[in-house]
Amino acid sequence: MSVPPDLEEPFYPLQRHLGYRLMDWSEGAATIEQPLLTHLENRQGLPHGGVHATLLDTAMGYAGCFTGDPDRKQMALTLSLTINFVSRPKGTRLIATARKIGGGKSTYFAEGEVRDDLGELIATGSGVFRYRKADLSVG
């Protein structure tokens, strides 16, 4: 799977700075990919934990906001985010996958994981998100 061409969005500033890309997006699921770049490292030479959190937050946000219609964008705000750091990457890329696991009209729940391109589990996460009303859209 991949992102349907008519649903591809321009890079926004944080995405451009960090260098991640939305690789797959469908109903209830999303995948984000991040190359391991030196400007993401902490003082130990490892990707900062905030990078893992950002990838999980972003992937889970997309997972709950798929509409399939480029003229009907859905946005959400993160209400709660829990990250568990499991291991350190050994590969060259981080891959965050997320899925919506429940919710209702105004909020949803999602979970995700970050693995490296060698399959090593790096972090897991869960979150609660609130859908934004149409009049609060970005722009």
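Me: Which residue does Arg99 meet in a salt bridge, and what is the N to O distance?

Reply: Start with the general idea. Side chains of opposite charge can pair when their charged atoms come close. Now the case here, in a predicted model. The side chains of Arg99 and Glu111 form a salt bridge, at 2.4 Å from N to O.

Me: Which parts does the pair of Arg99 and Glu111 tie together?

Reply: Look at the elements that hold the two residues. Arg99 sits in strand S4 and Glu111 in strand S5, so the pair ties together parts 12 residues apart in sequence.

Me: Are Arg99 and Glu111 buried, partly exposed or exposed?

Reply: Read the relative accessible area. Arg99 has 46%, so Arg99 is partly exposed. Glu111 has 30%, and is partly exposed too.

Me: How many salt bridges does a search of the whole structure find?

Reply: The search finds five. One of them joins Glu120 and Lys90. Their closest N and O atoms are 3.5 Å apart. The cut-off is 4 Å, so this pair counts.

Me: Where do Glu120 and Lys90 lie?

Reply: Both are in loops. Glu120 is in the loop between strand S5 (107-116) and strand S6 (121-131). Lys90 is in the loop between strand S3 (76-85) and strand S4 (93-103). The pair therefore ties together parts that are 30 residues apart in sequence. Glu120 is partly exposed, at 28% relative accessible area. Lys90 is partly exposed as well, at 49%.

Me: Which residue does Arg115 meet in a salt bridge?

Reply: Arg115 meets Glu113, with 2.7 Å from N to O. Arg115 is partly exposed, at 30% relative accessibility. Glu113 is partly exposed, with a relative accessible area of 25%.

Me: On to pockets. How much space lies in the second largest pocket, and how many residues line it?

Reply: Take the volume, then the lining. The second largest pocket holds about 200 Å³ of space. Its lining has 13 residues. Val3, Glu8, Glu9, Phe11 and Leu22 lie nearest its centre.

Me: Which element gives the largest share of the lining of the second largest pocket?

Reply: Strand S1 (residues 21-26) does, with three residues.

Me: How do the lining residues divide into nonpolar, polar and charged?

Reply: The lining of the second largest pocket has eight nonpolar residues, two polar and three charged.

Key:
Residues numbered from 1 in each chain as written. Predicted model: local features only at pLDDT ≥ 70, side-chain atom pairs only at ≥ 80, totals over all residues. Heavy atoms only, no water. 1 Å grid on protein atoms, 1.4 Å probe; cavity = no way out; pocket = protein on both sides within 12 Å on 5 of 7 lines; lining within 4 Å. Points joined across faces, edges and corners; volume = space filled by probe spheres on them. Helix = DSSP H or I, 4+ residues; strand = E, 2+ residues; numbered from the N terminus. Nonpolar A, V, L, I, M, F, W, Y, C, P; charged D, E, K, R; others polar. Buried < 20%, exposed > 50% of the residue type's maximum accessible area, 1.4 Å probe, protein only.
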